[in-house]
Amino acid sequence: MALGARHLQKHWQVGDGREAALAEHVTSSAAPGDLDAAIRAVDEFGYGRSIMMNVGDEKGELLDAAIRRVGPRRLLELGTYCGYSALRTARVMPDGAHLYSIEFSADNAAIAQRILDHAGVAGRVTVVIGTLGDGGRTISALESEHGFGPGSLDFVFVDHDKSAYIPDIERILERGWLRRGSVIVADNVKFPGVPGYREYMREREGRVWRTTEHETHVEYQTLIRDLVLESEYLAEDSNPGGRAAEGGLRGDGAPPAGAM
C-alpha cells in the first residue's frame, strides 16, 4: 500500500491490480445475491491477500451501528472505492432507504458496481462518478436527477480524499441538504489523518454538531490506531414537517418508532 502511494494519489487505486482481483474474488467465492457472503469475501481478501483501503470490518461495525441509530432514508457516501462500505450500508439501512455513493475514479466505480450487482443490492445503491468539488456538476446531478434538496439528507459517510472532507461538508451545508438530527460519520481521522477535521468539529461542538469520537484501528490489522468521528447536526431542520416525518430522527432528536 505504501509503495503504491503515488499511483494511489493520482488514480485512487494502489496500482498492483488488487481492486480488480477483489472483484474477481467476490464474484467467484460469494453466491450471487448473498449480501453477507459478499461482505465476508471482501474481508477475507483484506486479511488474507491484500490490504484494501475500505473501512474494514472493525470500523465497519461502527458505521453499521450509526446507521441503525439514525434509521436514515436517504444516505450519501463520499468515496465508493470498491463498494465495501456500500454493501455494509445496504445491509443495515431501513427498507425503502437509498444510498447515493460518489466516486471520483470511473475504474473504481465499475468495480464497485460489479460487486454491488453480484450481491443483489444494486437497486438500493446508486454509484455516481464525480466529486462534490467538480464545479457543481455532481451537486447539480444529485439535485436534478436524484432528488437531493433542503433537509432531504439523513446520513453521510465520508471516506475519500482527506483534503476534501471539510470543503465537501461545507458544500453540503451550503446546499441545505441536512436536517436537524442528520449524522456524518468520518473515517481515517487519525490515520492517515484528516487535516483540521477534529478541530473543525470541536470548534462547533454544541452549536452546529454533537460529536462522538470512536477509537479504533486501521483496517485489517491491530497495530495502527485510527479515529472515527460521528457527528450529529444540531441546526434547525431546513424542511420542517418534511424529512423528519418520513424517517430518521424526529425533531426532538429521538428515533422514530421501529428505527432501532
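**Entry 1: His 25**

I started with His 25, which is found in helix H2. I was working on a predicted model, so I kept that in mind throughout. Is His 25 buried or exposed? His 25 has a relative accessible area of 17%, and because the cut-off for buried is under 20%, His 25 counts as buried.

Next I looked up its neighbors. Leaving out residues up to four places away in sequence, I found that His 25 touches Ala 30, Ala 41, Glu 44, Phe 45 and Arg 49. Which backbone atom lies 3.4 Å from a polar atom of the side chain of His 25? I found the backbone oxygen of Ala 41 there.

**Entry 2: Helix H3**

Ala 41 took me on to H3, where Ala 41 is one of the buried residues. I noted that H3 runs over residues 35-48 and has 14 residues. From its first C-alpha to its last, H3 reaches 20 Å, close to the 20 Å expected at 1.5 Å a residue.

I then listed the buried residues of H3: Leu 35, Ala 37, Ala 38, Ile 39, Ala 41, Val 42, Asp 43, Phe 45 and Gly 46.

Asp 34 caps it, with a side-chain oxygen 3.4 Å from the backbone nitrogen of Asp 36.

**Entry 3: Val 70**

I moved to helix H4, where Val 70 is found. Val 70 counts as buried, at 3% relative accessibility. I compared Val 70 with Val 183: they are 113 residues apart in sequence and 7.5 Å apart in space, C-alpha to C-alpha.

That pair made me look up the contacts of the whole protein. Among contacts between residues at least 6 apart in sequence, 73% join residues at least 24 apart.

**Entry 4: A surface patch**

Now for the outside. I found a nonpolar patch on the surface formed by Phe 191, Leu 223 and Ile 224. Together they have about 320 Å² of accessible area. Phe 191 is found in helix H9 (residues 189-193), and Phe 191 is partly exposed, with a relative accessible area of 40%.

**Entry 5: The whole protein**

I closed with the totals. I counted 11 helices and seven strands in the protein. Of its 260 residues, 55% are buried. The protein exposes about 11,300 Å², and carbon and sulfur atoms supply 50% of that area.

Definitions and conventions:
Residues are numbered from 1 along each chain as its sequence is written. This is a predicted model: local features need pLDDT of at least 70, side-chain atom pairs count only at pLDDT 80 or more; totals for chains, interfaces and linings use all residues. Side-chain values use heavy atoms; hydrogens and water are left out. Helices (H or I, at least four residues) and strands (E, at least two) are DSSP runs, numbered from the N terminus. The expected span of a helix is 1.5 Å times one less than its number of residues. Buried means under 20% relative accessible area, exposed over 50%, partly exposed in between (1.4 Å probe, protein chains only). A polar contact is a pair of N or O atoms within 3.5 Å; within protein, one must be able to donate a hydrogen and the other to accept it, and residues adjacent in sequence count only if both atoms are side-chain atoms. Patches are made of residues with over 30% relative accessible area and no salt bridge: like charges are joined within 9 Å, nonpolar side chains (Val, Leu, Ile, Met, Phe, Trp, Tyr) within 5 Å. Accessible areas come from the Shrake-Rupley method with a 1.4 Å probe; for residues, only the protein chains shown count as cover. A salt bridge is a side-chain nitrogen of Lys or Arg within 4 Å of a carboxyl oxygen of Asp or Glu. Contact means heavy atoms within 4.5 Å.
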